[in-house]
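The sequence and structure come first, followed by the notes.

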Amino acid sequence: MALSTTTLFLCLALALTNAAPVNHDAAVDDASLPDRCDGIGFDAITPDENGTYFFFRGSHLWKGFRGPAQLSNESFQQLDDIHNIGHVDAAFRMHNDHMYFFVDDKVFSYYGHALEKGYPKDIQQDFPGVPSHLDAAVECPKGECMADSVLFFKGHDVHVYDIATMTVKTKTWSHLPVCTSALRWLEHYYCFHGNNFTRFHPVLGQVSGGVYPKDARDYFMKCPNHGHGGNHTFLNCSDIKIDAITTDDAGKSYVFAGTNYMRLDTRREGLHGFPITRSWKEVTNGVDAVFSYSDNMYLIKDDQVYIYNAAAQYTLIEGYPKTLKEELGIEGHVDAAFVCPNDDTVYIIIGGTIRAIDLSATPRVVTQEWTLPFSHIDAALCNAEGINVFKGATYYHYESPMTLVTSRIAPEPQHVDTAMMGCKK
């Protein structure tokens, strides 16, 4: 049985109980250590190859979005022990999972948290044309920038380094604050300055996406009296419940629980929950089921179907929502729905029945109906590994839709455990 995708999805369910990013390795704060919530800001921010974020200030760093500070050399040996650095000017992770730290006129390259042979080097050796004493750095992949690039910030100047050609173009973005650190997160770019941040376009430098600056303590860390995640608690494994799962045509995978959602494919950038209304503003009370088809995402709540165009940043298609009867030719409370790759059939689970509907037909009507060996399903997902049907803190795996609909006895349930989720027994 293939469990990799299932495991990752279930890991997300915990974080969906709190829309603010959370690191589950939090420890008791030590008053002798610097406090990330004091408003001073950060020298550098970067994720590692596992999606864990590191926030640097002076000779200390914070691992993840909560928890106490620690000396930088506890996570990156030789950064302080040998070279007595005491601070990091800028840092970023390359797409090949190498992490680069910039200090004065030197660059340090780490892979797997180990300093690579031959480092530190002069910045010019690895990044010709890039100045020393940088303020911030962030990678920008092709598609978001014109080519695979790194943005290096110094004052109001931005030095755009083309990774393939090893050439630099310099721009001046005087309208942006001087960035003390920079971050690419969920395909957006952020300039941090003090305890504030400003979102910007990585090519044009335009401030985008709302009114800025905003307080980072409300979004990128867990601080008392800030943000919307102050009441986070760890779930018991027996309390796990997800409402819906889907993967869109672009390969972005989503998990929904309550009024929050999370993107699975951003695991390398850390797992973060957001209100559903952040991306699908018309859906205000959670979802019952979700499925993707033909570059559209269908969100079902009660008897309403909302269809969003994924290619248009999930814009609600004109004329929606419509009723289940109008859109899919069915009535009742939908528990789960799924579409398999390269298929035109959506399978809708209502109670103890599953119905097949041909999405390529007009009007859409039920073509077949079967009885399931169990009811009260929470969510279901079909992918190359087969079908996973979720029911509370357990899930059932089937090889194909036909295996699911023709089974008279449910397979052995797989239980969520501490090793899979970090939940409490």
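K301 is partly exposed because its relative accessible area, 22%, falls between the 20% and 50% cut-offs. In this predicted model, K301 forms a salt bridge with D288, and the closest N and O atoms are 3.7 Å apart. K301 belongs to strand 23 (residues 296–301) and D288 to the loop between strand 21 (273–275) and strand 22 (289–293), so the pair ties together parts that are 13 residues apart in sequence. D288 itself counts as buried, at 11% relative accessibility.

**Salt bridges**

- The whole structure contains nine salt bridges, including the pair K301 and D288.
- R57 and D38 form another of these contacts, with 3.3 Å between the closest N and O atoms.
- R57 sits in strand 2 (residues 53–57), whereas D38 sits in the loop between helix 1 (4–15) and strand 1 (44–47), so this pair links parts that are 19 residues apart in sequence.
- R57 is buried, with a relative accessible area of 12%, while D38 is partly exposed at 40%.
- D215 and R217 meet through their side chains in a salt bridge, at 2.9 Å from N to O.
- Both D215 and R217 are buried.
- Side chains of opposite charge can pair when their charged atoms come close.

**Cis peptide bonds**

- The peptide bond from Y119 to P120 is cis, and its omega is near 10°.
- P120 lies in the loop between strand 8 (114–115) and strand 9 (121–122).
- A cis peptide bond also runs from Y212 to P213, with omega near 5°.
- P213 is placed in the loop between strand 16 (196–200) and strand 17 (214–215).

- H113 has a positive phi, near 65°, although the residue is not glycine.
- The loop between strand 7 (106–111) and strand 8 holds H113, which is partly exposed at 22% relative accessibility.
- H133 likewise has a positive phi, near 55°.
- H133 is in the loop between helix 3 (123–126) and strand 10 (136–140), and its relative accessible area of 44% makes H133 partly exposed.

- Four strands make up an open sheet in the order 31-32-33-34, and their pairing is antiparallel.
- Strand 31 (379–383) and strand 34 (414–415) are the edge strands, each pairing on one side only.
- Strand 32 (residues 386–391) and strand 33 (residues 394–398) run antiparallel and are joined by five bridges.
- I387 has Y398 in strand 33 as its bridge partner.

Terms used. Residues numbered from 1 in each chain as written. Predicted model: local features only at pLDDT ≥ 70, side-chain atom pairs only at ≥ 80, totals over all residues. Heavy atoms only, no water. Helix = DSSP H or I, 4+ residues; strand = E, 2+ residues; numbered from the N terminus. Buried < 20%, exposed > 50% of the residue type's maximum accessible area, 1.4 Å probe, protein only. Pairing = 2+ DSSP bridges. Salt bridge = Lys/Arg side-chain N within 4 Å of Asp/Glu carboxyl O.
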